[in-house]
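Reader: I have the sequence and the coordinates open. Please take me through the strands and the cores.

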Amino acid sequence: MATSPRQLLHEAFPGRAKQIDQILGFMGKPWASTPPSLLINGNSSLGKTAVVKATLSAVLGGGSSSSSSSSDSISSQIRSEQHLQDRRRRLPSRYAFLDCVECHTPRLIFEHAIYQFRNPPPSQDKGSKAFSSTHTTTTGTSDNKAAATVSRKRKRVATSPLDWNKCENVNEFVEWCRKICDTKDELDEVHETHDNHRPVSGSISKHQNETRYLVLDRAERLRDTAPTLIPVLMRLQELTGRNICVILITTIVWEKFRSKTGGYEPIVLNFPQYTKSETVAILGRDLPEGEEENMDLYMRFVDLVYDVFQRNCKDLNEIRHLVALLFPLYIKPVKEGKIQKHEGLKLHRHIQAYFVEAMDKLYLREISSTEWSDRTLSVASGSLSGVSGSTIGGGAGGHVSGAPGGDRALTTALDVQNVFDLPYYTKFILIASFLASYNPPRLDMRYFAKVSSTGSKMTKRSKVAAAKKHGHDSMGSKLRQQLLGPKPFPIERMLAIFYSILDEEVEENVNVHTQIASLVSLRMLQRVTPMDKLDSIKCKCNVSYEMIKTLAKSTRFEIDKYLYDFS
Amino acid sequence: MSVEDLVSLAKTAISARLAERSLPVALVGLEEQYKKVLGLMRRTIETGESNSCLILGPRGTGKTMLVRQALKDLERQFGISYQDEYDEEEDDMDVDVVRKDFMVVHLNGLVQTDDRMALKEIMRQLSREGESELGESNTSFSDSLPSLLTFLKAGTKAQYPIIFILDEFDLFAQHTKQSLLYNLFDVAQSAEWPIAVIGVTCRMDALELLEKRVKSRFSHRHYYTFPPGDYHDYIDICKNTLLLTPADLEIQTDVMMVGTDHRTAVAFMKEFNERIKTLFEDGGFSKVVQRIFDLMKDVRAFYRLCFGPVAELSKESPYLRASQFYESGLQQRVDNKTELLKGTSLLELSLLIAIKHLVEREVISFNFEMVYDEYKDFMDMAVVRGTMASSASSLGMGSGGSIASSDGVSLRLYKKAVALKAFEHLVEAELLRPADSYSKGPKEYRMMRVMLDASQISDVVLKHRDCPTIVARWAARRG
């Protein structure tokens, strides 16, 4: 009986002691009345979901083998409490945990909640998982969920829990809630025998059941379901007249939830950002397997990563991802015996290039962690000399040349823009439509008019220069077409530009139109006029400047000369 | 009874009052309305007179509480043991034994979202009440209006009165044809069955929502509740909520109670209440309460403030302390948006500052490209000035300093793709919202509007944990 759930929770979640205590305080004893609703609010990956889940499962059973529900309750009852805990595992759950992404209609929310309330809480392994992995990554959550649904299905077969109940509207749900809260089970009877002085106060009924908790994760999605759902949930306690507490978990502020007519306001609990020591403590648990002897090196590395990235990356999951990606690279020279463990500076220099690159790819997750580790492994096993210096491009080249070839993995596997190829004329069609989308029509004469062949080059250049100059004057404004995005243009104008920028003659007009159609189907051009309108079609160019630049380069067309007010 | 038990009893009682599960000890400033509503209901019960009325008032001014209190008193007067008006379950067993003098039907506009559902609920509640004439079982009710109407119209004055409570009355008025309201008011007016229809709403114009035929059948009685107008009233309500009563601690004058237990309980209550009184005299505490009063006069705002401190009551600290309220007062007061923004990365912050500059130049809706351009301009300028290196090194990067300062990692121009991710994160946090509804075309060009005030952004920059001076200076610059 050494550890109470509170202590266990505190250990499991560094830096969240205050929040855990607050939640536990609000929960109080199993049958105490709670606030009608709580809103837990904070940026992503601050342990909101994990903390709530673990706290509920620790206190209300359904998981941790930890002791009693009421840590602060009468110590002489501990043995019976433990007995109680065992029983509790077979009893209907005291809480329902729903993800509003999963349950996207009121009906799904109601039915899932009822199902969870009427069946025993998910088995032990899930609870312990919540403890061990404090912060499930985004991918991890879905895994968990899948596991949960699988286990739920399996369970349904094995222990044949109560059936799935239909519940279509709020009215029925409120009715169900009353029914659920009023179900007396053996646990309540145990309580009754135990506590001869159960709270009887004021006008509250003398028989008061244990509090039920309805937790709604990603509650911001609730707003899309039904307009009256949030006010109802906020005052579910009042509507049902039972001891039920609704907990919303969200990343956005409460103001966004308010409805027009107002309603009951929840108590807001804010989860603040982790401090450095907290972050490092959490990251310290991710020590890869088989690296136990390098613990101090790992911690040093974590420290380093935190210092380098913390300003620009507050997302703990992202930092974890980075640590997982970069640590094998960091430790490789040590394993190969090139650098000694204590040579911090050398290691530092070795990893620096990767940091620069990782910074550029922050959050992008162009490749998955497994793919990454596969790649680093293959590079490590293969010959290093051949691959080294296979550049990544950009300013990092200087550093990279010294680094082994593993760095390639950080760059994109295949650059779609470079590989994507189009027929020759189609490229020009695309370039022409880009020009038509971004250049003002009034300047078309200047850029594309075919004046007499002799002076054409000269005049064109001067005109371009003039346009450039004009462009610089308006640089201060943020309403350049480049920034505003593509403008729709009539197909005829684009074709005129197309014939102008193409030096040779194109005979087959029909083919050009098929090419336009295929570009539209590729979504490189976007048709803005409705499909049933056949003449005076208008399109928009949907392609980025970078891609057009590579296209233009491949056709040796100097696009910059023809663009107005671009930088 | 140990102190621990007493504390837990006190905690339960107070939090039940805070959660509005139990009724307040006394009505403050609502005596007049209470008397009228009570009288109206009593006349329905005693003399079989049909009535209808509306209780109007802003949220949190005690409309529902008033009705609940009245019902509770009526129940007491007309003789059955009544715990909680929602708690029909309890009454079920003794329904056959105790003759009920009246029935209550609770409807809530939020829950019964259409007339059909409302009708079903009425049937359910009436049959639950065990009214013999109403039928033998639930299933014998067809959920149609006519059957209820014939039932209601068949009645005489001698029948059991029914009190209909329509919470969120305005939502019922939005049902198609308002047939439920029409029929209820019609029955009330034609005096066939003694019923009282009591609508509760926070919409002051609720009456205007009624159709003409419905309106003409309504008695046009309305009672208004207002938030406590006087600071002293407000304080009284707050104090009443926190003060313990003998019932809270189960102090009975029974012989059942053992002497010592009784004495400790009374002593605890006295001490607790004494502390509450001193608490209300505390300067800092009154300032917190006064602020709430000045801002919204909402009792619930005070209740929200109390939940935390009450939840913290334990054996070690059995009394409420003023310092707890300072903290929880601050916690409920902070601007959550700023709080949320404190945890954003430097890149997101930079984008917000760029947005602020755009907005100051009267570019109200903007897209990612514009913001990125503005951000790039700033970064270019920072490089040109050469302040980058100095600012990075002067700020000190701790142990990782060498990397950061040599490469300027701490303040670097991010690639568009990374910046776009950060931008999307801001959209996800709903700090930015799309200016137009349709979402065709590349997302970089989608026009957005910012949901923050320029002052909020500057505030965040000041409060942000590690914002380099150069960025802060950029944020402070105008235009």
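Author: In β8(A), C541(A) is the bridge partner of L525(A). This is a predicted model; local features need pLDDT of at least 70, side-chain atom pairs count only at pLDDT 80 or more, and totals for chains, interfaces and linings use all residues. Residues are numbered from 1 along each chain as its sequence is written, while chains are lettered from A and ligands numbered from 1 in the order in which they are written.

Reader: Over how many bridges do strand β7 (residues 525–527) of chain A and β8(A) pair?

Author: Strands are DSSP runs (E, at least two residues), and helices are runs of H or I with at least four, both numbered from the N terminus. Two strands pair if DSSP finds at least two bridges between them. β7(A) and β8(A) are antiparallel, and their bridges number three.

Reader: Which residue in β8(A) is the bridge partner of F489(A)?

Author: Strand β6 (residues 489–490) of chain A also pairs with β8(A), residues 538–541, in the antiparallel sense over two bridges. The partner of F489(A) there is C539(A).

Reader: Which residue in β4(A) stands opposite L216(A)?

Author: β3(A) runs parallel to strand β2 (residues 95–99) of chain A, with five bridges. Y95(A) stands opposite Y213(A) on that side. Five bridges also join β3(A) to the parallel strand β4 (residues 244–250) of chain A. There, opposite L216(A), stands L248(A).

Reader: Which residues touch the most other members of the largest nonpolar core?

Author: A nonpolar core is a set of buried Ala, Val, Leu, Ile, Met, Phe, Trp, Tyr and Cys residues joined through C-beta atoms within 7 Å. The largest one holds 179 residues. Its largest share, nine residues, comes from helix α15 (residues 316–336) of chain A. The members touching the most others are V215(A), V305(A), F164(B) and I198(B).

Terms used: A residue is buried if 20 or more other C-beta atoms lie within 10 Å of its own, exposed if 12 or fewer, and partly exposed in between; C-beta atoms are placed from the backbone.
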